[in-house]
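Trainee: I would like to go through this model and ask what each label rests on. Can we begin with strand pairing?

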Amino acid sequence: MTRLSELTIAQSRDGLTKGAFSARDLAEASIAAMESARPLNAFITETPERALEMAAASDARRAKGEAGVLEGIPLAIKDLFCTEGVLTTAASHILDGFVPPYESTVTANLWRAGAVMLGKTNMDEFAMGSSNTSSYYGNVENPWRRQGENRPLVPGGSSGGSAAAVAARVAPGATGTDTGGSIRQPGAFCGLVGMKPTYGRCSRWGVVAFASSLDQAGPLTRTVRDSALMLRAMASYDPKDSTSVDRPVPDYEAALDGRIRGLKIGIPKEYRVEGMPEEIEAIWRDGIKWLEAAGAAMIDISLPHTKYALPAYYIVAPAEASSNLARYDGVRYGLRVPGATPTEMYEATRGEGFGAEVKRRVMIGTYVLSAGYYDAYYNKARRVRALILRDFTEAFEKVDAILTPTAPSAAFAIGERTDDPISMYLNDVFTVPANLSGLPGISVPAALDADGLPLGLQVIGRAFDEETMLRVAGVLEDAAGFDAEPAFVAGR
Amino acid sequence: MSLIQGETGEWEMVIGLEVHAQVIAESKLFSGAATAFGAEPNTQVSLVDAAMPGMLPVLNEKSVEQAVKTGLGLNAQINLSSVFERKNYFYPDLPQGYQISQYLQPIVGEGVVTLDLPDGSAKEVGIERLHLEQDAGKSLHDQHPSQTYIDLNRSGVTLMEIVSKPDMRSAEEVGAYLEKLRSILRYLGTCTSNMEEGSMRCDVNVSVRHPGEALGTRTETKNVNSIRFAKQAIEHEAKRQIALIEGGGAVVQETRLFDPNKGVTRAMRSKEEAHDYRYFPDPDLLPVVLDADWVAALKRDLPELPDAKKARFIADFGLNAYDAGVLVAEREIAEFFEAVVASGKGCDPKQAANWVTGAFFGALNRDGIEIAAAPVNAAKLGGLLELLDAGTISGRIAKDVFDAMWDSGKDAAAIVEEKGLKQISDTGAIEAIVDQVIADNPGQVEQFKSGNEKVLGWFVGQIMKASQGKANPGMVNQLLRKKLG
């Protein structure tokens, strides 16, 4: 029999329902897997005792016939979500010792649905990065290896710890946050399904903010079905988040009926970027064939402002971040490095507390908002953003979903691209447009490249039409039949 | 307009004000924390106010309503769409590292306030804008020899910043503006406007010029927390600027601080003001979109404001502008006055005004109490005036009755009855007193007969005295003339 820690969410749910095993059995298996996966450095904080307590409570609820949607399912939580009574760091030195007295809305929703917390996962500091190499708590290793090579690879980022934990079969699912691709890109790098829902679908309350107008929580799972299951539990309207949207949360799993006959799928020409590996072109063509075979019609579309998305993103996101991170001043919580004056205290605290990438973005953001540069940078970026949204709005008059690659490359080795921040930023080229326009996007593992590394395809949906997006993703998943496993699987 | 004589001619002050008015609301602008004044430090602080990680602002609708009401009260344009922006700067009592404020798109646009000047004239001062913003916390420097403590009770409390146009020309006008603004805000119930408690604070922009010339360079003086200080700061600042210019120097556009102990302004250290606030729309908040019908309903339900009330008091009650102005300055007084008029059947409103502003205010001031605590309420004062107007008691007796009412809290009629103070209007009774006084004073009778009319007044006094003030003075006069005639 498969190890319990290797089951998907849906398989675990079915086993729990049948009484084949208990939530406690699942939690114990995942705790053991978490221990054996420590070399990946996927977790900043492990919470095995809490997992066992929550599992026991879950079993008790099930015995009373009160099982929730994710009853008894162990999950890993990105360390950007505030968890009551559990250290929350955003992978930053500046939040040293910060234990929130409150629980984020998304995690509270998950616990209400019966899920069990395994621990808090590593990530890029304040979610700034695409390789999980900017964490104060060290790099995360991708469980995948290139064939015939043992060099550690990045898991992608910023939700790299969550992706590594799910790929290594520690947890069947994990939460992530996606500001410019931070769920979808690590999903692609680790052979997982990673979904960013529509902006406003999941509450941002209690999630440490990076760029407020772009941040959105979502799941990292091994299957599209699991993604649908997790989203149903995570999503809610939250009066505490003014940007969350008051719409009913559908049963996303019910949308996975494989029926895409007659759907129109847009293929944007602007996503053929220079220097993109032929293998990625090839899986994109495969994706088109798979969807056509299922009865969908491919439509060539143009999203003319795509090439401006990345520069606009790298103005808007740092601008908001520079302001969002101003609260880490050493006055009330986290790290304080004393100084003779308030200014000296700020400088010492922030100088020591923030890593290089965070400082870089705070400086970029401060610069683009400063007097004399505001119009040239920030205001122009806002206008570009409006044009990008218009591109999508016009495209969705003709199509029901859009198919693109997720990332322009497969996972790369740790240290391979760190010398040049710009080449690192290019990782997000296919994912940022969905953040800038607020649209949902999902990455589905499609194939392995010549090195034996997973590559992902992205489906972008209409705002709040996660159901169509998931339906298309489900068809891609079935057609791809991706069943490759990473080099490292916990406990093997 | 008051001009200042300098060595190079007359100078005119040009003054504009930025008033920060704390909005009356149960909770803060973006959090549910309470806002009571004077609570123990850090007892009214939500997770949002302390800027804990992941916390988000949620706009308090009451604050929006109060701002719109105030805008309507200032005869101002209400902007149906407005935007909250972040004003970024570091300070230990600013937990977020930014203040949420409105910048390019405020909730209220241009309006106008009419000043009642001491000489009885009126003057209009333009309102540039009104916007909503968060207050900061307080740094407490006196709790520890070397460290600063932070109290976040005020952090996030709603402020309205009301910006005037540079329409004022003297310290008196500034005083009248602040008084009028305070009066309007109190009528509306949108701000308690207690400068002592800090619920209303102002920054003063002053420049000087020779009349008719272009505007001079202005300075902004902060930390002015009473009307008296505002006047002092303006006088000092104008004189300083004139001396500077006449001495061959130039005014520097800068932020200054008022020192209330010395009554002077001083420049802030450049470090204190060198800010690039990097305003940008707050991505945690949606634009504030108001429904025109909702605004119209608020407008319909506005209370009668001081200007309208004053006009009505003049038109309906025949009051003069000064008395009307005094009575409407505070909503409570105006309401008290109207209640007195309403309860004293047939009483003369002008007489009522005199009693309210005279004996009644005098007693309030003497005892240092508020209207609500006064032992004589409006109905009782009305009852007294009713007796006076009906001729039941004389004016002199009325003063005594008022004092007795104030001391005992009893009705005027009861006191008059109890003490037998009813005016004597019985001809026979008065005649007896008149006859007695004439008989007792033959010398004065002689003087009168030899043409000294003044003696008549002396006789009236003697007769009133003999009647213990109760004789009807009209009848006394009539009888005296007849008898002495």
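Mentor: The model is predicted. Take one pair to start with: B:Phe84 stands opposite B:Gln102, a residue of S5(B).

Trainee: What makes S4(B) and S5(B) a pair of strands?

Mentor: Pairing needs at least two bridges. Strand S4 (residues 84–88) of chain B and S5(B) have five bridges, in the antiparallel sense. The two strands therefore count as paired.

Trainee: What makes S5 and S15 of chain B edge strands?

Mentor: The open sheet has three strands in the order S5-S4-S15 (chain B), and the pairing is antiparallel. Strand S5 (98–102) and strand S15 (280–281) of chain B each pair on one side only, and that is what the term edge refers to.

Trainee: Now chain A. How do you know that strand S11 of chain A is mostly covered?

Mentor: A residue is buried if 20 or more other C-beta atoms lie within 10 Å of its own. In strand S11 (residues 454–461) of chain A, eight of its eight residues are buried.

Trainee: Which residues of S11(A) are buried on each side?

Mentor: A:Pro454, A:Gly456, A:Gln458 and A:Ile460 are buried on one side, and A:Leu455, A:Leu457, A:Val459 and A:Gly461 on the other. In general, side chains in a regular strand alternate between the two faces of the sheet.

Trainee: Which strands pair with S11(A)?

Mentor: Strand S9 (residues 401–405) of chain A pairs with S11(A) over five bridges, in the antiparallel sense; there A:Ile402 stands opposite A:Ile460. Strand S10 (residues 441–448) of chain A also runs antiparallel to S11(A), joined by seven bridges, and A:Ala447 has A:Leu455 as its bridge partner.

Trainee: How many residues lie between S10(A) and S11(A) in the hairpin?

Mentor: There are five residues between them, and in the turn A:Gly452 has a positive phi of about 85°.

Trainee: Back to chain B. How do you know that the length of helix H16 agrees with what its residues should span?

Mentor: Helix H16 (residues 473–484) of chain B has twelve residues, which at 1.5 Å a residue should span 16 Å; the end C-alpha atoms are 16 Å apart, so the two agree.

Trainee: Which residues of H16(B) are buried, and what puts them on the same side?

Mentor: The buried residues are B:Met475, B:Val476, B:Leu479 and B:Leu480. They cover an arc of only 130° around the axis, so they lie on the same side of H16(B). As a rule, an α-helix has 3.6 residues a turn, so residues three or four places apart point the same way. The covering elements include helix H13 (427–440) and helix H15 (455–466) of chain B. B:Gly474, B:Arg481 and B:Lys482 are exposed, on the face of H16(B) turned away from its buried side.

Trainee: How many residues does each chain give to the contact between chain A and chain B?

Mentor: Chain A gives 31 residues and chain B gives 24. Helix H9 (309–324), helix H10 (342–353) and helix H11 (356–369) of chain A each supply at least two residues of the chain A side. The largest share of that side, three residues, comes from H9(A). By class, the side of chain A that touches chain B has 15 nonpolar, nine polar and seven charged residues.

Note on methods. Residues numbered from 1 in each chain as written. Chains lettered and ligands numbered in written order. Predicted model: local features only at pLDDT ≥ 70, side-chain atom pairs only at ≥ 80, totals over all residues. Contact = placed C-beta atoms within 7 Å. Helix = DSSP H or I, 4+ residues; strand = E, 2+ residues; numbered from the N terminus. Nonpolar A, V, L, I, M, F, W, Y, C, P; charged D, E, K, R; others polar. Expected span 1.5 Å × (residues − 1). Buried ≥ 20, exposed ≤ 12 C-beta atoms within 10 Å, placed from the backbone. Arc of directions from axis to C-beta.
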